[in-house]
Amino acid sequence: MGERVVEVRDLRKSYGELEAVRGISFNVDRGEVFAMLGPNGAGKTTTTEILEGYRTRGAGDVRVLGHDPAKRERALKERVGIVLQSTGIDPFLTVTETIEMYAGYYPSRRPTEEVIEVVGLTEKRATRVNKLSGGQQRRLDVAIALAGDPELLFLDEPTTGFDPGARRNAWEVVKNLIAIGKTVFLTTHFMDEAQYLADRVVVIADGLIVAEGPPASIAGREQMRTRIRFRLHDGAPDPGDRVHRLADGTHELQVEAGETTKTVHDLTGWALDHGLELEALEITLPTLEDVYLQLTGSEVGT
Ligand code: ATP
């Protein structure tokens, strides 16, 4: 792919005896959404903050836009956007005034109206910060990070605490960022978020990368077995020994990739022959969450 925006080689970081990051390597290319997933304590914040220049690394090589972030050079800071959570924003300034104030610190800047549109705050542009909802304030945080027209944006759990509608809106904001050519480094605990937004995902557990790839195919996901579920009314004939009855009364069978069409055909043919309805029939591919749980051996969100 294209130009490397982030390059990480054998990165390590210990806190005393604890090896929080134990030799990880990955790249992020220009224009992609790169997501880092992993359970609590996996090393995501440590890695991200090393890339942002807020923490020092123990060993390894890190390049962000060609710079070593540990040097905290101004030339790098001006090209990177970090979304901080509503820290120190004057509550009596309007949305427009706030963005203009922050943009003033940067040599290059994006037109304020455009930034406001990208984050979906056009209708609130003249509203004071203290009159915004929590979700709108988070969008303003993204707008502030965008004010200096950065090439790379770090979004750390951008939708935690959002209601479902606000999450969808935030996802559209990220899509808008990509449409205007930004590169996004995302950390999230939400698998649907990574699935929807990310071009590439790394799963980190215990300080090591356990899988890397596009959400659709990571860790052989596309080769995993399809799950077919349905309900039969009491007294229906036995559907055969490939089908398991689950504790909730649902019937389930799992089929290898490539066998789904024939299996569904056989199953629905069997049901029609017996005059049965396969209630709540559901055919599901393993989700990113299924793969994640398998890789990390953990519960999502713990
Ligand atoms: P979460 O999903 O909970 O944010 P994370 O993947 O971001 O977790 P890190 O915050 O990077 O994980 O932490 C990795 C490990 O390093 C954890 O065991 C944590 O307790 C430890 N750790 C993180 N920061 C420090 C610190 N400043 N001093 C000592 N230990 C730390």
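The ligand is surrounded by 13 residues, the closest being N40, G41, K44, T45 and T46; a residue is near a molecule or strand if one of its heavy atoms lies within 4 Å of it. The model is predicted, so local features need pLDDT of at least 70 and side-chain atom pairs count only at pLDDT 80 or more, while totals for chains, interfaces and linings use all residues. Residues are numbered from 1 along each chain as its sequence is written, and side-chain values use heavy atoms, with hydrogens and water left out.

**Ligand shell**

- The shell around the ligand divides into 5 nonpolar, 6 polar and 2 charged residues; Ala, Val, Leu, Ile, Met, Phe, Trp, Tyr, Cys and Pro count as nonpolar, Asp, Glu, Lys and Arg as charged, and the others, Gly among them, as polar.
- At least two residues of the shell come from each of β2 (18–29) and α1 (44–52), where helices (H or I, at least four residues) and strands (E, at least two) are DSSP runs numbered from the N terminus.
- α1 gives the largest share of the shell, 3 residues.

**Polar contacts and burial of the ligand**

- A polar backbone atom of G43 is 2.9 Å from an oxygen atom of the ligand.
- In the side chain of K44, an N or O atom lies 2.7 Å from an oxygen atom of the ligand.
- For T45, a polar side-chain atom is 2.4 Å from an oxygen atom of the ligand.
- The protein buries 62% of the 640 Å² that the ligand exposes when taken alone; accessible areas come from the Shrake-Rupley method with a 1.4 Å probe, and for residues only the protein chains shown count as cover.

**Sheet with β1**

- An open sheet of 3 strands runs in the order β2-β1-β4 with antiparallel pairing; two strands pair if DSSP finds at least two bridges between them.
- β2 and β4 (59–64) are the edge strands, each pairing on one side only.
- Strand β1 (residues 4–15) pairs with β2 in the antiparallel sense over 9 bridges, and K13 stands opposite V21 in β2.
- α1 packs on this sheet and touches β1, β2 and β4; contact means heavy atoms within 4.5 Å.
- The direction of α1 makes about 125 degrees with that of β1; axes are lines fitted to C-alpha atoms, for helices over the stretch in contact, and angles run from 0 to 180 degrees between N-to-C directions.

**Sheet with β10**

- An open sheet of 4 strands has the order β11-β12-β10-β13, again with antiparallel pairing.
- Its edge strands, β11 (244–245) and β13 (279–284), each pair on one side only.
- β11 and β12 (residues 251–255) form an antiparallel pair over 2 bridges, with H244 opposite E252 in β12.
- Helix α8 (residues 260–273) packs on the sheet, touching β10 (226–231), β12 and β13, and its direction makes about 15 degrees with that of β10.

Methods. A polar contact is a pair of N or O atoms within 3.5 Å; within protein, one must be able to donate a hydrogen and the other to accept it, and residues adjacent in sequence count only if both atoms are side-chain atoms.
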